[in-house]
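Here are my notes on this one, jotted down as numbered points. Have the model open while you read.

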Amino acid sequence: MTKVLKDGTVLTFDDTAQSIHVLEKASILIENDRITAISEDPDFPVPQDAEVINVHGKLVTPGFVNTHIHTWQTVYRTIGPNVFLSQYFEWLGHISPATAAFTPDDVYISSLEGYLEGLHGGVTSYVEHAHNNWSADVVEPGFNAAVDSGARVWWCYDVADREGFKIKQQWEALGRIGDKVTEGSPVQLGLSVDGLSGLFGNDPDGHLGYMRDMVRKLDVQAITMHHLGGPWPGKSILNRKTRNDRLIATARKTAPSDINLSTLHTTNLPIIYSHAPFLADSDQKALRENNHFISITPESEFHFGHGQATGHLITDQASLGLDTNWTFSGDMLSQTRLWLQNVRITKSHRTLETGKLPRTNPFTVEEAFLMATRQGGRALRRDDIGVIKVGAKADLVVFNGDSPNMLGWSDPIAAVVLHANPGDIEHVLVDGEFRKRDFKLVDKVLAWGKVRERFLEASRRIKEQIKEPPPMPERLWGVGEFGDVEMVSTRCFGCGPRGTQ
């Protein structure tokens, strides 16, 4: 199908300058899944069979790239507004008792709604860290949701040794899914190695060789893993519980400087380290030397208390992700804005602490925009994702720009990064096909009404079963030591009746 987006303000990418080049009135020719022409010529010849979409006065941007998310958890939405990371692990994580509340259909509908939320907000590409790995029957529904969403997804399954669902069985399940992946499909297989990272330090049973064979056999397109560092337990971390509820700690290596790529035989594959809030100098060096990336998930790291001490030092090898959309915003506009302002205050404080005033603003809106778009493509080693240029995938977002919060814009990058919200997005295209049109999601497999009905039923039932968080252990995974956190309140203790001392 041929389409033309006609006469819009288009944010193209200039490969030579490595920056955004704004075309104030341009048309984009889309043939099948690719952008084949971009023209400022008012007499641009439109193919006779083309569908013409008038975008005059509107902003056309590349789709946002979310390099870290767990969509199966979407049904948790609002259950833990004040949850912190250590509590999340014990209460709602993929190795917590909460997973017993999920049916296979719950995993499907929760994942599907998570992708649709992102598409509604202009996210066209995802790196899914699929740790729905606690039983055989919940694996494939997560993948099916990715396919049925119409989004572009690197579906990175977390192979892990689970009680009743051993590593070999998990590889077999992933192999069955791999048989369903077709060349050129917007959904491709990736691999999360959280559950396998213990092998990097000690592999007496030879599992690494099997892993290498499966990476080749399944044509894995990306690898991802969580990495925290700093005070977070890293060298030994809980992977599972025994029948007697005793903790079993297994050695893990997840820092970029720890990963020996020769043992993986995956030097040509992109590797994305999610969060990575405490990167040592050696880790930053390893990222640059190997051209690997981190996925900074600002709202998650601020909300849960991961910390984020070093992300601003490695922006050249960093992209943006979202993590747990049930806890907070499910759109990349929010993540972009949060990261922009976090970097600005962090860098400005460095100058203020010397007793001097900042001479300039240290992080531009254009750089923040690139973090949410092109850097995601770079993280995946795809120069046709997260950009508008001839030859790129036709993953596009059209902002109306006439809403009360955007009206009067003159700088289109600033309008998107600082003022837009998902309600301003009129159209979203993936592979040249509408996934959102005229401000409404386009039904692909399930009508929105049916998605809504099934999602609400699953969410209510699951949250009723898991609403009470378990007591916290004395130490996280038997290793991490807890410390007090100073609480903040609007209440004035010791104040008089009128709020005076």
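1. By salt bridge I mean a side-chain nitrogen of Lys or Arg within 4 Å of a carboxyl oxygen of Asp or Glu. Side chains of opposite charge can pair when their charged atoms come close. Before going on, a caution: this is a predicted model, local features need pLDDT of at least 70, side-chain atom pairs count only at pLDDT 80 or more, and totals for chains, interfaces and linings use all residues. Residues are numbered from 1 along each chain as its sequence is written, and side-chain values use heavy atoms, with hydrogens and water left out.

2. The structure holds 22 salt bridges. R152 is in strand 8 (residues 152-158) and D431 is in the loop between strand 17 and strand 18, so this pair ties together parts 279 residues apart in sequence. Helices (H or I, at least four residues) and strands (E, at least two) are DSSP runs, numbered from the N terminus. Are the two partners buried or exposed? R152 is buried at 4% relative accessible area, and D431 is buried too, at 13%. The cut-offs are under 20% for buried, over 50% for exposed and partly exposed in between (1.4 Å probe, protein chains only). The pair also belongs to a network of salt bridges linking D33, R152, K393, D395 and D431.

3. Now the domains. The assignment gives domain 1 (2-62 + 384-441) and domain 2 (64-235 + 250-337); such bounds come from an automatic or database domain assignment. Their centres, taken over C-alpha atoms, are 30 Å apart. In contact (heavy atoms within 4.5 Å) are 23 residues of domain 1 and 19 residues of domain 2.

4. How much area is buried between domain 1 and domain 2? About 1600 Å², with carbon and sulfur atoms giving 65%. That is the accessible area (1.4 Å probe) that two parts lose on being put together, summed over both. Between the two domains the count is 2 salt bridges.

5. Two other salt bridges are worth a look. R288 and D316 meet at 2.7 Å, N to O. That pair links distant parts of the chain, with R288 in helix 7 (residues 281-290) and D316 in the loop between helix 8 and strand 15 (318-320), 28 residues apart. R288 is partly exposed at 38%, and D316 is partly exposed at 34%. R461 and E457 meet at 2.9 Å, N to O; both lie in helix 13 (residues 448-466), 4 residues apart, about one turn of the helix. R461 is partly exposed at 26% and E457 at 42%.

6. K389 lies in the loop between helix 11 (374-379) and strand 16, and is buried at 15% relative accessibility. A polar atom of the K389 side chain lies 3.3 Å from the backbone oxygen of D383. S300, in helix 8 (residues 298-304), is buried with a relative accessible area of 0%. Leaving aside neighbours within four places in sequence, S300 is in contact with residues including H275, L322 and F328.

7. Lastly, P233 sits in the loop between strand 10 (223-227) and strand 11 (236-241) and is buried at 13%. Not counting residues up to four places away in sequence, P233 touches L476, W477, V479 and G480.

How values were computed:
Polar contact = N/O pair within 3.5 Å; in protein donor to acceptor, adjacent residues only side chain to side chain.
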